[in-house]
Amino acid sequence: MTHSSNEPELPADAGAEDAAELAALSGPLGLPVSDPSDIADDADADVDEEILNSEFDTDRAAAVFAKLMERTGEVAPEPRLDATARVLELLGDPQHQVPVIQITGTNGKTSTSRMIESLLRAHGLRTGLFTSPHLVHFTERICIDGKPIAHATVADNWDDIEPFLELVDAELEAKGEPRITFFEAVTILGFACFADAPVDVAVVEVGMGGTWDSTNVANAQIAVLTPVDLDHVGKLGRNIAEIAATKAGIIKPGAIVVSAKQKPEALAQIEARAAEVGATVVLQDRDFELTEDIVAVGGQQITVRGRAATYSELYLPFYGDHQAQNASVAITAVEAFLGDGERPLGEDPLTEGLALATSPGRLQLIGTDPTILVDAAHNPHGARSLRAAIERYFDVDEVALVAGILSDKDAAGIFRELAPIVTTALITRSSSERSTDVDALARIAQHELPDTLVAPYEELVDALIAAREWADEAPRRMVVVTGSIVLGGEAIEIAADREWKA
């Protein structure tokens with residue numbers, strides 16, 4: 001099966017994500033001060049936001065976000081399912097009214113989820129997509145047919161579920177347990193919105209881990225695992241085996257498990273869980289594989305051997321070898337959903353679905369002349385993928401790193417991975433209370449980048465302006481903003497406000 005490569009002008013987004021990190025937003029109550037097309041591809045800008053979101057409904061959505069923010073945040077999840085399940089039971093179990101594809105892993109979850117959703121939509125299905133965290137506006141977490149949910153719709157659904165949230169809050173407090181958390185409430189809201197739409201299929205990204213994550217109330221018939229590595233060791237496990245065991249908890253009886261290539265200790269846990277519940281494991285480089293990956297304008301051209309067919313010369317508008325691997329996982333997951341891996345995907349929807357996929361905040365172009373990229377890498381594994389993408393896909397001599405990292409992340413490991421490509425490092429912070437102190441982070445950077453000029457900036461905007469000025473001083477220079485999803489979202493808004501992207 002051969003596909004021609006028509007290369008649309010789409011930004012290349014690649015990188016890693018962390019579902020536990022809530023983006024700090026610059027608009028009032030988390031609502032964007034600029035058009036949502038500023039954070040996504042131009043292909044996503046065909047909806048008139050003034051029609052979709054009136055001022056009245058935007059105010060209502062802002063009120064919803066304010067109420068969500070009164071609840072315990074995502075950095076302190078409750079390891080339980082019963083509270084979420086109780087609210088959903090009162091709502092008629094909307095999570096069971098639609099087929100679910102669930103995605104977990106350490107890095108690549110959001111990008112893989114968005115590719116799966118785009119492929120399903122291209123095949124004619126009405127889709128729901130649940131991802132986290134958000135970059136600019138919390139409605140990005142709940143998408144219907146590839147678009148963030150309308151403010152009126154999210155507010156209407158909140159009005160429906162809020163009395164039941166309050167009822168269960170009271171039940172929990174009577175038992176001495178914490179009330180419904182932010183992420184539990186957003187999960188409930190997402191399933192309610194999908195049932196209300198209604199959608200044909202919901203693609204649901206896990207927030208943290210798997211077994212006790214609130215999204216795991218769904219009975220997913222397809223479980224997708226991206227590569228498992230060390231992250232959130234204080235909550236998920238002390239080593240890769242323990243973390244993989246927690247993530248494998250999304251595997252339900254009789255499900256099809258589509259797994260990226262894993263380290264042996266992670267794979268052992270995945271296979272053990274699948275055997276326990278009678279699930280079938282479909283493994284990368286055994287049952288499917290990426291057979292070709294060629295650098296192309298604006299991304300790459302890939303060939304994937306799926307279970308049902310080989311799909312040749314597909315255009316993928318993302319940079320990074322890891323994104324090609326994510327695409328092979330996404331294709332195989334869609335094969336499993338649409339035909340149990342026995343029916344080839346349609347050539348036209350496959351081509352369209354990949355070509356129009358987006359992943360904001362993952363090697364996203366936010367500035368031209370000079371080039372400024374945002375990548376959400378926030379752990380060493382993600383930083384390693386970022387470095388590899390810069391080395392392979394960008395013809396530059398020098399890189400200015402604008403970095404801000406949260407205090408619970410491995411900052412030293414991130415800097416070590418990026419050291420080979422960094423010429424100068426501008427150390428800053430996001431608005432998150434969890435951000436590492438700038439001077440402390442600069443000391444870590446200087447230790448890990450001993451031959452690099454390191455400069456601290458208390459304000460992100462000042463670091464960005466200084467980095468742009470540096471990049472303007474010589475040819476073949478670029479700026480890379482990374483270290484935190486929060487930082488990335490704020491950089492996107494700054495660049496959009498100043499119209500740095502031509």
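I call a residue buried under 20% relative accessible area, exposed over 50%, and partly exposed in between, using a 1.4 Å probe and protein chains only. The model is predicted, so I take local features at pLDDT of at least 70 and side-chain atom pairs only at pLDDT 80 or more, while totals for chains, interfaces and linings use all residues. I number residues from 1 along each chain as its sequence is written, and side-chain values use heavy atoms, with hydrogens and water left out.

**Entry: salt bridges**

I looked up the charged pairs first. Side chains of opposite charge can pair when their charged atoms come close. My rule for a salt bridge is a side-chain nitrogen of Lys or Arg within 4 Å of a carboxyl oxygen of Asp or Glu. The count by this rule is 30 salt bridges.

I looked at Arg286 next. It forms a salt bridge with Asp287, and the closest N and O atoms are 3.1 Å apart. Arg286 has a relative accessible area of 43%, so I list it as partly exposed. Asp287 has 25% and is also listed as partly exposed.

Another pair is Arg498 with Asp497, whose side chains meet in a salt bridge at 3.7 Å, N to O. I note Arg498 as partly exposed at 39% relative accessibility, and Asp497 as exposed at 60%.

Which parts of the chain does the pair of Asp156 and Arg60 link? I found the closest N and O atoms of this salt bridge 2.7 Å apart. Asp156 sits in helix α5 (residues 151–174) and Arg60 in helix α2 (residues 55–69), so the pair links distant parts of the chain, 96 residues apart. For helices I use DSSP runs of H or I with at least four residues, for strands runs of E with at least two, both numbered from the N terminus. Asp156 has a relative accessible area of 39% and is partly exposed. I also found Asp156 and Arg60 in a network of salt bridges with Asp57 and Asp159.

**Entry: negative patch**

Patches are built from residues with over 30% relative accessible area and no salt bridge, like charges being joined within 9 Å and nonpolar side chains (Val, Leu, Ile, Met, Phe, Trp, Tyr) within 5 Å. A patch of negative charge on the surface is made by Asp437, Asp439, Glu458, Glu459 and Asp462. I placed Asp437 in the loop between β15 (424–427) and α14 (438–448). At 41% relative accessibility Asp437 counts as partly exposed.

I checked helix lengths against the expected span, which is 1.5 Å times one less than the number of residues. Helix α6 (residues 182–196) has 15 residues, and its first and last C-alpha atoms are 21 Å apart, close to the 21 Å expected. Is α6 enclosed or open? I note that 13 of its 15 residues are buried, so α6 is largely enclosed by the rest of the structure.

Helix α4 (residues 109–122) has 14 residues and should span 20 Å; its end C-alpha atoms are 20 Å apart, which agrees. This helix is mostly covered, with 13 of its 14 residues buried. Gly124 follows α4 and has a positive phi, near 95°.

I placed Gln102 in strand β1 (residues 100–104). Its relative accessibility is 0%, so Gln102 counts as buried. The C-alpha atoms of Gln102 and Ala223 are separated by 5.1 Å, although these residues are 121 residues apart along the chain.

**Entry: backbone angles**

Ser132 and Pro133 are joined by a cis peptide bond with omega about -10°. I found Pro133 in the loop between β2 (127–130) and β3 (142–144). The peptide bond from Ala197 to Pro198 is also cis, with omega near -20°, and Pro198 lies in the loop between α6 and β5 (201–205).

What is phi of Asp145? I read a value near 50°, positive in a residue other than glycine. Asp145 lies in the loop between β3 and β4 (147–148), and at 29% relative accessibility it counts as partly exposed.

Glu499 is not a glycine, yet its phi is positive at about 55°. I found Glu499 in the segment after α16 (485–497). At 68% relative accessibility Glu499 counts as exposed.

Conventions. Areas by Shrake-Rupley, 256 points an atom, 1.4 Å probe, with all protein chains shown as cover. Lys, Arg positive; Asp, Glu negative; His and termini not counted. Charge placed at Lys NZ, Arg CZ, Asp CG, Glu CD.
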